[in-house]
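My notes follow, entry by entry.

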Amino acid sequence: MLAGECGEYVQLAMEILTGVGDIYGAEEMTKISSAHTVMTPYRDIMDMGVEICERFAELGAKYSVPTTLDPAGMDLQRWREFKIPEAYAKKQMRIVRAQKKLGGIPVWTCTPYLHGNTPLLGQHLGWSESSAVVFANSVMGARTNRLTAVVDMAAGIAGRVPKFGLHLDENRRGEVLVRIDLKSNTLTDADYPAIGYFIGKQVADKVPVLTGIPQGVSIDQLKNMGAAAAASGSVALYHIPGVTPEAEKLGRFLKKEKSKETLELGLREMRETKEEMCTTRAGDVDFIAVGCPHYSIRELGKVAALLKGKKICEGTEFWIYTTKHVEMLAKRMGYFDIIESSGAQILTETCMLVSPTDIYGFETMMTDSGKCAHYAPALCETEVIYGSIEQCIEAAFKGFVQ
Ligand code: F3S
């Protein structure tokens, strides 16, 4: 493949992958079951990224393993309604066309594991998108490093990645014990992003083992916790005994090695973390953005129930980000009409951080996402208030937080 016997585009992909492998001291390549690429939003990959996508497409490249696409840099259908500049949209559509030629699966979501790219225990993957990587490694027990843009495309084309880091057993062992000392039956949806945020800040890129998470924790809670941990730190794998599949095998050693680091997360740390997730605590709110990672149908249903029969305050935008698939379900289940008639809007295949949200001049954003709270001040150029979805909706009705 590297010698060019399988075509120029495979050779190019292998050159990229062997280059990465050399840097990290990988001894061999491993075949992968799937890839997930972030070579998708124009806002992030810019002209250079468009050209790389088109170059691969011109060479006739095709993904050799199922390769899903991360969110695009705008709602691909409603972009005119949201006043996305024409020139920006043209570049985004060039990415769409190139990815189509490559055979990318157009889910345009950061939750590919809920949308047809669902890995199994022990499978090797070539994924990027930090929130999806931590979910695949931890909840599914699959094996992927946090790839970067371009390397992820190369992985999808070659169907291989260099075998180092989280592909190897020895790097998947728990390193830091995090005791969550909160009454597990009182943990709410809004606590999980804060738990993730705390963990990411404290452990950086180590592998935490969490105790105190109830067995009834939901997929959405794990999705939102992992995304926050991967944003405030660079957590790519965690274990929860009794919940995640490798916790017994790889999390257990902590009990034997008492000298390992231990962290406590109690009420005080929880309160301080939630404070730290805000750049301001009160005042007018002109933008409420939820769905980072993309909302599931359960989360959308909860929002619909809270919005039913009510109206969003004039002067405040309430945007909910999700996938086409979830939007379709929401239409069938009546959630879509309830949400849109309240004045809130559902945007699909994009999100607040990878689209040019800064063009609207919003001043204060409120969100229920730990990942969004972390990045929004820089990427959306707004103040940020973190709160539960109930608090976000209350702010949407009033236009302010007291
Ligand atoms: Fe997904 Fe965008 Fe958040 S890609 S994880 S919704 S930043």
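**Entry: the largest pocket.** I started with the largest pocket, and its volume came out at about 560 Å³. Of its 26 lining residues, Asp-44, Asp-70, Glu-129, Val-354 and Lys-371 are the closest to the centre. I then looked up which elements give two or more residues to this lining, and found α2 (42-58), α4, β10 and α14. β10 gives the most, with four residues. By type, the lining of the largest pocket has 15 nonpolar, six polar and five charged residues.

**Entry: ground rules.** The model is predicted, so local features need pLDDT of at least 70 and side-chain atom pairs count only at pLDDT 80 or more, while totals for chains, interfaces and linings use all residues. Residues are numbered from 1 along each chain as its sequence is written, and side-chain values use heavy atoms, with hydrogens and water left out.

**Entry: terms.** A pocket is an open set of points on a 1 Å grid over the protein atoms alone, with protein on both sides within 12 Å along at least five of seven lines; a cavity is a set where a 1.4 Å probe fits but cannot get out; lining residues have an atom within 4 Å of a point. Points are joined across faces, edges and corners, and a volume is the space filled by probe spheres set on them. Nonpolar means Ala, Val, Leu, Ile, Met, Phe, Trp, Tyr, Cys and Pro; charged means Asp, Glu, Lys and Arg; the others, Gly among them, are polar. Helices (H or I, at least four residues) and strands (E, at least two) are DSSP runs, numbered from the N terminus.

**Entry: the ligand.** Which space does the ligand take? I found it in the largest pocket (more than half of its atoms lie within 2 Å of the grid points). Its shell (residues with a heavy atom within 4 Å) includes Glu-129, Ser-131, Cys-292 and Lys-371. β10 gives the most to this shell, with three residues. I sorted the shell into six nonpolar, two polar and two charged residues.

**Entry: helix α4.** I picked Ser-130, which is found in α4. Ser-130 counts as buried because its relative accessibility is 13%. Leaving aside neighbours within four places in sequence, Ser-130 is in contact (heavy atoms within 4.5 Å) with Arg-146, Ala-230 and Lys-371.

**Entry: the second largest pocket.** This pocket holds about 390 Å³ of space. It is lined by 18 residues, with Asn-145, Arg-146, Phe-164, Gly-165 and Leu-166 nearest its centre.

**Entry: cavities.** How many cavities of 30 Å³ or more does the structure hold? I found three. The largest cavity has a volume of about 210 Å³. Of its 19 lining residues, Asp-189, Asn-224, Tyr-295, Glu-299 and Asp-368 lie nearest its centre. α11 gives the most to this lining, with four residues. The lining of the largest cavity has seven nonpolar, five polar and seven charged residues. The second largest cavity has about 80 Å³ of space. Its lining includes Met-74, Phe-82, Trp-319 and Tyr-360. That lining divides into eight nonpolar, three polar and one charged.

Terms used: Buried < 20%, exposed > 50% of the residue type's maximum accessible area, 1.4 Å probe, protein only.
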